[in-house]
Amino acid sequence: SKPLERMENKRVYNLLENLCISQGMKMPKLNIIDDDSLNAFASGISERSYSISLSRGIIEKLNDEELEGVIAHELSHIKNRDVRLLIISIIFVGIFAFLAELAFRSLRFAGSGKKSKDSKGSGAIILIAIITAIAYLLSILLRFGISRKREYLADAGAADMTKKPLALANALRKISEDPYIEAVESRDVAQLFIGNPKPSAHKSASWDNMFATHPPIEKRIALLDQFA
């Protein structure tokens, strides 16, 4: 993404500025993603680095109320420090992944070496490997669960900021039709967006929802409709 010059789209700046004033928040940087798809994300872990990125498509295809809802959603992520929480969850998953790999390497090394007289030692390694693998799986599920929960909270925060939940619901409907951004390859980056920008993520079976980074847009829309 690149910085969006103030004169390039005064409409977007005004929407963001008005929301920040109403919330007593310092205005984050505003960037544009040069893509016709509809998507947006917030990033940064401090006031100096906070930014909101909007695709060119979402700016052009949403009306003012819908775009205001999207910007409010991203401001809610900043207000709730969700990017920092995401980074922490990624670090914890990485730690358990490293420990699991270490345990399985030890298991393979023990299996390929000379038969040990101490079977208890091998049993302990197997037990550690199993426990670490379970912990790794649980950390992944927890991370994705947190990600889905924060999306719901950001939707609720946006509805509270704008007092127009149906506008955000309409925006989500439009986003769901074309959220895909080819440049996004990493799942960690995709997790930041208001709608998952990876096409493969929208082909998951229902039983695979526990591994999804985003809750189904249909459920998010249904919850927003309840605010109206």
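Beyond its neighbours within four places in sequence, Val 70 is in contact (heavy atoms within 4.5 Å) with Ala 40, Leu 54, Ile 58, Leu 62, Leu 168, Ala 171, Ile 175 and Ile 194. The largest nonpolar core has 36 residues, of which Leu 54, Ile 58, Val 70, Ile 71 and Leu 75 touch the most other members. A nonpolar core is a set of buried Ala, Val, Leu, Ile, Met, Phe, Trp, Tyr and Cys residues joined through side-chain atoms within 4.5 Å; buried means under 20% relative accessible area, with a 1.4 Å probe and protein chains only.

The model is predicted, with local features requiring pLDDT of at least 70 and side-chain atom pairs pLDDT 80 or more, while totals for chains, interfaces and linings use all residues. Residues are numbered from 1 along each chain as its sequence is written, and side-chain values use heavy atoms, without hydrogens and water.

Two helix pairs are set out below. Helices are DSSP runs of H or I with at least four residues, and strands are runs of E with at least two, numbered from the N terminus. Axes are lines fitted to C-alpha atoms, for helices over the stretch in contact, and angles run from 0 to 180 degrees between N-to-C directions.

| Helix pair | Axes come within | Crossing angle |
|---|---|---|
| α6 (residues 165-177) and α8 (residues 217-227) | 8 Å | roughly 165° |
| α1 (residues 10-23) and α3 (residues 64-79) | 10 Å | roughly 50° |

Helices α6 and α8 are therefore roughly antiparallel (an angle over 145 degrees). Their contact involves, among others, Leu 168, Leu 172 and Arg 173 of α6 and Ile 221, Leu 224 and Phe 227 of α8.

Of its 228 residues, 41% count as buried. Among contacts with a separation of 6 or more, 66% join residues 24 or more positions apart.

Key:
Buried means under 20% relative accessible area, exposed over 50%, partly exposed in between (1.4 Å probe, protein chains only). Angles under 35 degrees count as roughly parallel, over 145 as roughly antiparallel, 65 to 115 as roughly perpendicular and the rest as oblique.
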